[in-house]
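Dear colleague,

Please find below the structure that I am handing over to you, with the sequence alongside. My account of what was found in the structure follows.

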Amino acid sequence: MKTNRNATKRASSQPSKRITNIRKNQRIGKYIANKTHEKKELYVDAEWFISQRMYLLGYAYNLRQYGQLYGKALCRENVRNLLRNVDTVYFWGPDIGMLEKCFRISIRNHVRCINLLKVMHYIEPNAISYKLAHFESLAGIHRKTMEYKSNIWTLHRDWKDPQKRQRALLYNMEDVLNMLRVKRYFWKKHGITREHEDMFSM
């Protein structure tokens with residue numbers, strides 16, 4: 001298999017053997033953003049009850065532009081606004097499917113969607129865990145909230161408690177920002193380029 005030599009050369013480190021074996025995926029999704037505009041990334045992490053009702057959506061465009069939607073602000077119009085001028089959405093698990101289902105919108109047909117969990121399975125095949133917390137540790141990232149990692153039901157319960165809701169909000173925001181940091185760390189480690197990402201685009 002051949003890789004794009006120019007793209008690999010631009011990477012900040014030498015690509016791993018697994019990445020150099022990636023064949024460029026020719027199927028490119030239709031982007032919401034105009035091709036003449038700067039490419040814009042969006043990272044999302046959603047929380048929902050067992051009934052599949054979403055109650056919190058954390059998002060970040062970078063480490064300076066981020067926020068959360070909940071209550072009346074968590075609505076179809078605002079979710080669509082988040083996607084404006086975005087051409088790639090990163091997430092960890094089934095979040096995109098839940099967003100499409102809860103708000104009856106089509107995301108995967110218009111925006112490049114990259115499931116970071118799927119990518120990590122490929123580039124780190126010998127990892128002892130594929131939870132975000134494990135890769136945070138490998139990347140030297142520390143967080144203030146760890147209690148919900150072992151029991152997600154506690155998060156749902158605390159969300160309903162006004163006195164504990166701030167803790168739940170902090171946990172979700174750390175998930176989003178640390179997911180961004182983990183992605184940057186391992187993309188640099190393996191020399192992953194945008195063309196490599198196309199293999200995992202949904």
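**Findings**

The crossing of α7 and α8 is left-handed. By class, this contact of α7 with α8 has six nonpolar, no polar and two charged residues. Please bear in mind throughout that the model is predicted.

**The chain as a whole**

The secondary structure comes to nine helices and five strands. Read from the N terminus, the elements follow the order α-α-β-β-β-α-β-α-β-α-α-α-α-α. The chain has 202 residues, of which 49% count as buried.

**Helix α8 and its two partners**

Two helix pairs that involve α8 deserve a description. In general, a pair of packed helices is described by the angle between the axes and by the distance between the axes.

Helix α7 (residues 152-159) packs with α8 at an angle of about 130°, and their axes are 8 Å apart. On the α7 side the contact is made by Ile152, Leu155, Asp158 and Trp159, which meet Arg165, Ala168, Leu169 and Tyr171 in α8.

The other pair is formed by helix α5 (residues 116-123) and helix α8 (residues 165-190), whose axes come within 12 Å and cross at roughly 30°. Because angles under 35 degrees count as roughly parallel, α5 and α8 are described in that way. The crossing of α5 and α8 is left-handed. Here Leu116, Val119, Met120 and Ile123 in α5 meet Met179, Lys183, Phe186, Trp187 and His190 in α8. By class, the contact of α5 with α8 comprises seven nonpolar residues, one polar residue and one charged residue.

Histidine 190, one of the α8 residues that meet α5, is buried, with a relative accessible area of 6%. The side chains of histidine 190 and glutamate 124 are joined by a polar contact of 2.7 Å.

**Glutamate 197**

Helix α9 (residues 194-197) contains glutamate 197. Is this residue buried or exposed? At 5% relative accessibility, glutamate 197 counts as buried, because the cut-off for that class is under 20%. Its side chain makes a polar contact of 2.5 Å with the side chain of arginine 112. Apart from residues up to four places away in sequence, glutamate 197 touches Tyr90, Arg112, Ile114, Lys183, Trp187 and Ile192. Lys183 and Trp187 are also among the α8 residues that meet α5.

**Tryptophan 92**

Tryptophan 92 is placed in the loop between β4 (88-91) and α4 (95-103). This residue is buried, with a relative accessible area of 13%. A polar atom of the tryptophan 92 side chain lies 3.3 Å from the backbone oxygen of tyrosine 130. Which residues does tryptophan 92 contact when its neighbours within four places in sequence are left aside? They are Asn115, Leu116, Leu117, Met120, Tyr130, Lys131, Leu132, Phe135, Met179 and Val182. Leu116, Met120 and Met179 in this list also take part in the contact of α5 with α8. The C-alpha atoms of tryptophan 92 and isoleucine 114 are separated by 8.5 Å, although the two residues are 22 residues apart along the chain.

In α4, Asp95, Ile96, Met98, Leu99, Glu100 and Phe103 are buried. The buried residues of this helix pack against β1 (41-48), β2 (54-60), α3 (76-82), β4 and β5 (112-115). Just after α4, arginine 104 takes a positive phi of about 50°.

Valine 79 lies in helix α3 and is buried, its relative accessible area being 3%. Leaving out residues up to four places away in sequence, valine 79 touches Leu57, Leu69, Leu74, Leu99, Phe103 and Ile105. Leu99 and Phe103 are among the buried residues of α4. Valine 79 and phenylalanine 103 are 24 residues apart along the chain, and their C-alpha atoms are separated by 8.1 Å.

With kind regards

Definitions and conventions
Residues are numbered from 1 along each chain as its sequence is written. This is a predicted model: local features need pLDDT of at least 70, side-chain atom pairs count only at pLDDT 80 or more; totals for chains, interfaces and linings use all residues. Side-chain values use heavy atoms; hydrogens and water are left out. Helices (H or I, at least four residues) and strands (E, at least two) are DSSP runs, numbered from the N terminus. Buried means under 20% relative accessible area, exposed over 50%, partly exposed in between (1.4 Å probe, protein chains only). Contact means heavy atoms within 4.5 Å. A polar contact is a pair of N or O atoms within 3.5 Å; within protein, one must be able to donate a hydrogen and the other to accept it, and residues adjacent in sequence count only if both atoms are side-chain atoms. Axes are lines fitted to C-alpha atoms, for helices over the stretch in contact, and angles run from 0 to 180 degrees between N-to-C directions. Angles under 35 degrees count as roughly parallel, over 145 as roughly antiparallel, 65 to 115 as roughly perpendicular and the rest as oblique. A crossing is left-handed if the near helix is turned anticlockwise from the far one by less than a right angle, and right-handed if clockwise. Ala, Val, Leu, Ile, Met, Phe, Trp, Tyr, Cys and Pro count as nonpolar, Asp, Glu, Lys and Arg as charged, and the others, Gly among them, as polar.
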